[in-house]
Amino acid sequence: MMLLNASGCLDALVAPDVARQLDGFVTKTITPLPREGNAPPRIAETAHGMLNAIGLANPGRERFLAEHLPRLRELGVPLWVSVGGFCAADYADTCAALDGIEAIELNLSCPNVDEAADSAAEIVATCRAATPLPLYAKLSAAHPDVAAVARAVAAAGADGLSLINTLRGMALDPHTLRPVLARGSGGLSGPDLKPIALATVHACYAATQLTIVGMGGVMTGSDVLELIACGARHVALGTVLFADPDAPARVRDELERALEALAVVRPDDVHAFAHSPAKSLEIAHKVVA
Amino acid sequence: MPRRERRNVLAVERLGPYSLLRLDRGGLDPGVPGQFFMLEAPGRLLPRALSLCLAPAGELAFLIDPVGPGTRALCSLGAGEAIHVFGPLGNGFRLDVGRPLLVGGGIGMAPLPYLADALHDPPVVLGFRSEWHAAAAALLPGAEVVVEPALVTELIAPGHDVLACGPAPMLQAVGALCPGAQLAWEAPMACGYGACYGCAVEINGVLKRLCVEGPVLSAGAERTRRDEAAVGEHLNGETSRLARGPVRERAR
């Protein structure tokens, strides 16, 4: 089990000590051309989570490859590069330019930019032809049948899935009754996403058995364990990193305690356990023994 | 170096509508005046960014305007309760100035008492929305104080190195009057350490993260147009509290 950051929730060059607490660092999404991102205000806190509409601000492929990637390599943390675009060729061209990294995450689900014209499966298939690196498709739980999308990207050659991205939401200023965010809507993140993340990981694991990086509302070690029990192999931290830059170390400690409380040795021992309602945890204990 | 520690509340003192939250300093470095800390807001998902107001021995004190759920929760803390505090963060004021004049507007006066200590009690001018708000001037004895409709910019004498914090219109006016001024800005922040990209402001025509590039910028670094929408707006009804002054405060 690897503990990662969710893309867009950490800048390893500004906060290398936070990145070094992780088993891998996932970059902010890189697009072919530089993007300044959306106009401010870009974030809002609600009683149900945080909204963001950053808009894929990034230096663009050329500057990322020339300036950012070499500096990221110096951190000594395995790198995952999140790749975005507006058509399959955008994604594939960036994939083809990447090597010497752990994996590529294809951001197929940003709620804060216009969607790519091509389908998720078309994008994955085009990228598959462009790179031998492991490809993870980051999907949205907002799709009416995310398991079907998961099957389609698996058939197109994805090695894994990243689940889930933020979900589109809106906050109004109670005094003006107008949206707080300049873009209007933004991506909702935070603990209220966890039940949706669990259900999505559960459904997509059942549909594909692919390696899944689970994320969405993870605040504690118990949350990590639940995502793994739903079928995730790895887990990423998102919004919790904003509130607590020491979250990776804390979550690991809590995970250890949660495993001890269940008398389980490794997170992998409960992988996909929620798919076996007839089995009790005692069976898992015996397997471990 | 920034650290995150759980610190005890020593006291919360009222100053007009504002509260001075006094925390046990622990192992936290008070940093340079104008730097800020992320304070856990009880019951809220995200911490709140607050510039350090005072740093007496063993303490860190923050002046807070309770305008939203997070700042209200912070002002409602009692002695003995504990919150997580992360900092110091961002870039503070440069202290290598010959003839300093501190200029504050409303809750934007928050970083000035600590700054005045560092600069050995320079002249200070403050503007407030009302006499009630001006109660906070007690933290800067000797400051010249005006209340609206008078504007604090009317008190700026020429020939000074101006260091200012306040609402965006005030800072823009100060920057126009004093092109070399150091101005402490604000923007909504989720993390305070460059992770969220939420606090983007336009600096010299490019959107940059205020937590990394600021919050103190020289008036020459033009911060214009697009960022104005962010200032005085909110993180669910409240700004980051780095600076907020009378002009944008909501009628209560």
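This is a predicted model: local features need pLDDT of at least 70, side-chain atom pairs count only at pLDDT 80 or more; totals for chains, interfaces and linings use all residues.
How many residues of chain A are in contact with chain B, and how many of chain B with chain A?

**View 1. Where chain A meets chain B.** Here 33 residues of chain A are in contact with 30 residues of chain B.

View 2. Chain B is divided into domain 1, residues 3-89, and domain 2, residues 100-229. Taken over C-alpha atoms, the centres of domain 1 and domain 2 of chain B are 19 Å apart. Contacts link 19 residues of domain 1 of chain B with 22 residues of domain 2 of chain B. Three strands of chain B, β3 (36-39), β4 (48-51) and β6 (82-89), each supply at least two residues of the domain 1 side that touches domain 2. That side of domain 1 of chain B is made up of 15 nonpolar, three polar and one charged residue.

**View 3. Helices α6 and α7 of chain A, side by side.** Helix α6 of chain A (residues 194-208) packs with α7(A) at an angle of about 25°, and the axes are 8 Å apart. An angle under 35 degrees counts as roughly parallel, so α6(A) and α7(A) are roughly parallel to each other. From α6(A), look for Lys194(A), Ala197(A), Leu198(A), Val201(A), His202(A) and Tyr205(A), which meet Asp223(A), Glu226(A), Leu227(A) and Cys230(A) in α7(A). The contact of α6(A) with α7(A) has six nonpolar, one polar and three charged residues.

**View 4. A closer look at Leu227(A).** Leu227(A) sits in helix α7 of chain A, which spans residues 221-230. Is this residue buried or exposed? Leu227(A) counts as buried because it has 30 C-beta neighbours inside 10 Å, and 20 or more are needed for that label. Leaving out residues up to four places away in sequence, Leu227(A) touches Ala197(A), Leu198(A), Val201(A), Gly214(A), Val218(A), Ala232(A) and Val235(A). Leu227(A) and Val201(A) are 26 residues apart along the chain, with 7.2 Å between their C-alpha atoms.

Key: Residues are numbered from 1 along each chain as its sequence is written. Chains are lettered from A and ligands numbered from 1 in the order in which they are written. Domain bounds come from an automatic or database domain assignment. Two residues are in contact if their C-beta atoms, placed from the backbone, lie within 7 Å. Helices (H or I, at least four residues) and strands (E, at least two) are DSSP runs, numbered from the N terminus. Ala, Val, Leu, Ile, Met, Phe, Trp, Tyr, Cys and Pro count as nonpolar, Asp, Glu, Lys and Arg as charged, and the others, Gly among them, as polar. A residue is buried if 20 or more other C-beta atoms lie within 10 Å of its own, exposed if 12 or fewer, and partly exposed in between; C-beta atoms are placed from the backbone. Axes are lines fitted to C-alpha atoms, for helices over the stretch in contact, and angles run from 0 to 180 degrees between N-to-C directions. Angles under 35 degrees count as roughly parallel, over 145 as roughly antiparallel, 65 to 115 as roughly perpendicular and the rest as oblique.
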